[in-house]
There are 2 protein chains.
Amino acid sequence: MLRLYDYLDSGNGYKVRLLLAKLGLAYELVELDILKGASRTKDFLAKNPNGRIPALELEDGTVIAESNAILFYLAEGTRFWPEDRLARAQVLHWMFFEQYSHEPYLAVLRFWYRHGPMDAARRQQEPDKRERGEAALEVMERHLLSRSYFVGNSMTIADIALYAYTHAAEDGGFTLSRYPAIGLWLDRIASDHGHVPMLPEGYVPERLG
Amino acid sequence: MLRLYDYLDSGNGYKVRLLLAKLGLAYELVELDILKGASRTKDFLAKNPNGRIPALELEDGTVIAESNAILFYLAEGTRFWPEDRLARAQVLHWMFFEQYSHEPYLAVLRFWYRHGPMDAARRQQEPDKRERGEAALEVMERHLLSRSYFVGNSMTIADIALYAYTHAAEDGGFTLSRYPAIGLWLDRIASDHGHVPMLPEGYVPERLG
């Protein structure tokens, strides 16, 4: 059986859980408490030398890391990965956008707000990260004004990659009501067949300070 | 003809120029002075709303942005993109690693060192970026101790993506002699058929301060 090393409050992990659920693939979830260093142990570093979750272990023990590479691995041959060459490149375009221009701001601010500590150094970095996160949301909003999905006319792994931290952006102090096209797209993704939420009801994020 | 919007001193742009050269594809180079805001003009934002180079314009006017998505687009069907499903996911693994765990440290420090200004705020951020950049180089070094290329037994776009800012890491104050396996790999890539350097001889980087 597939085995997913993950931390429930991670949007990067949620991307993979969401796609696994939509594809109806069974997997064993191994939760690692990344706040206590569980992704930096010798055992886990042998699986992913970059020390990050999520990591997907295949039945033969091979490990695939990097959330968006895992999405690609699972999506090939399914409705979430287009057949057209240009559309495939556009899906990857949005997935690289997500990791470079979106996640480092939306996910990091969310992490600081939820898990703390919001110390002086972080407060100082917050305005720059906020501005860059808003810029990423602006790019998404403009793109979605005339489209239902990021690429083509149906959901791809570009939507799944961007959904994870966008739908949770308010946890990091962003105001989603400023982005109506994003709001409609979030509703569209959440109502697609086989959707699952990121967290169990009543989940309380652990705090570091 | 393909048209590449680029800035010569960009490693992200160099990735694309290197692959285009190796594939023997002709293209028109449109240099944008990103230091003077040329990637944030109204005209360019109509091509890439995220306002970044490189961007590849196809003959029909379609624009593909994100350096690693461009590499993917150009590499499908060539020796630089593997046929095996797992190998493809591993190539993308290293390309996402490059954009998330490598480029934000190696490229940013290189940019600050070469183009300035190295002001107080940047000096304060330098140790953290240095540490994260060294961590990325460590991950690469360990991986390359037992391998000639990042994935499989021949060069892929994972190598091209990682080569660009790694081979220029000393511009950002990193010491490559500390990473002998990386050094051998850099030589291997540079001696592969059709290699081209990043910059013309005698290139002097523009300074902002």
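**View 1. A salt bridge joins Glu57(A) and Lys47(A).** The closest N and O atoms of this pair are 2.9 Å apart. A salt bridge here is a side-chain nitrogen of Lys or Arg within 4 Å of a carboxyl oxygen of Asp or Glu. The pair links distant parts of the chain, 10 residues apart. Glu57(A) sits in strand E3 (residues 55–57) of chain A. Lys47(A) sits in helix H2 (residues 42–47) of chain A. Helices (H or I, at least four residues) and strands (E, at least two) are DSSP runs, numbered from the N terminus. Glu57(A) counts as buried, at 7% relative accessibility. Lys47(A) counts as partly exposed, at 30%. Buried means under 20% relative accessible area, exposed over 50%, and partly exposed in between (1.4 Å probe, protein chains only). Both residues belong to a network of salt bridges that also includes Arg3(A) and Glu28(A). Over all chains, the structure holds 38 salt bridges.

The model is predicted: local features need pLDDT of at least 70, side-chain atom pairs count only at pLDDT 80 or more, and totals for chains, interfaces and linings use all residues. Residues are numbered from 1 along each chain as its sequence is written, chains are lettered from A and ligands numbered from 1 in the order in which they are written, and side-chain values use heavy atoms, with hydrogens and water left out.

View 2. Arg88(A) counts as buried, with 14% relative accessibility. Glu76(B) counts as partly exposed, with 21%. Between chain B and chain A, the count is two salt bridges.

**View 3. Glu206(B) meets Lys36(B) in a salt bridge.** The N to O distance is 2.7 Å. These side chains link distant parts of the chain, 170 residues apart. Glu206(B) is in the segment after helix H7 (180–190) of chain B. Lys36(B) is in the loop between strand E2 (27–31) and helix H2 (42–47) of chain B. Glu206(B) is partly exposed, with a relative accessible area of 28%. Lys36(B) is exposed, at 64%.

**View 4. Chain B meets chain A.** In this interface, 34 residues of chain B are in contact with 34 residues of chain A. Contact means heavy atoms within 4.5 Å. The two chains bury about 3,200 Å² between them, 62% of it on carbon and sulfur atoms. Buried area is the accessible area (1.4 Å probe) that two parts lose on being put together, summed over both. Arg85(B), Phe96(B) and Tyr100(B) supply 24% of the area that chain B buries against chain A, more than any other three residues. Across the interface, 10 residue pairs are in polar contact (both at pLDDT 80 or more). Four elements of chain B each give two or more residues to the side that touches chain A: strand E4 (63–65), helix H3 (67–75), helix H4 (85–115) and helix H5 (120–144). H4(B) gives the largest share, 15 residues. This side of chain B divides into 18 nonpolar, nine polar and seven charged residues. Ala, Val, Leu, Ile, Met, Phe, Trp, Tyr, Cys and Pro count as nonpolar, Asp, Glu, Lys and Arg as charged, and the others, Gly among them, as polar.

**View 5. Ser101(A) reaches Asn50(B) through a polar contact.** The two side chains are 3.1 Å apart at this contact. A polar contact is a pair of N or O atoms within 3.5 Å; within protein, one must be able to donate a hydrogen and the other to accept it, and residues adjacent in sequence count only if both atoms are side-chain atoms. Ser101(A) is in helix H4 of chain A. Ser101(A) is buried, with a relative accessible area of 3%. Leaving aside neighbours within four places in sequence, Ser101(A) also contacts Phe96(A), Arg132(A), Ala136(A) and Arg52(B).

**View 6. H3(B) is mostly covered.** Nine of its nine residues are buried. Among them are Ser67(B), Ile70(B), Phe72(B) and Leu74(B). Gly77(B) follows H3(B), and its phi is positive, near 85°.
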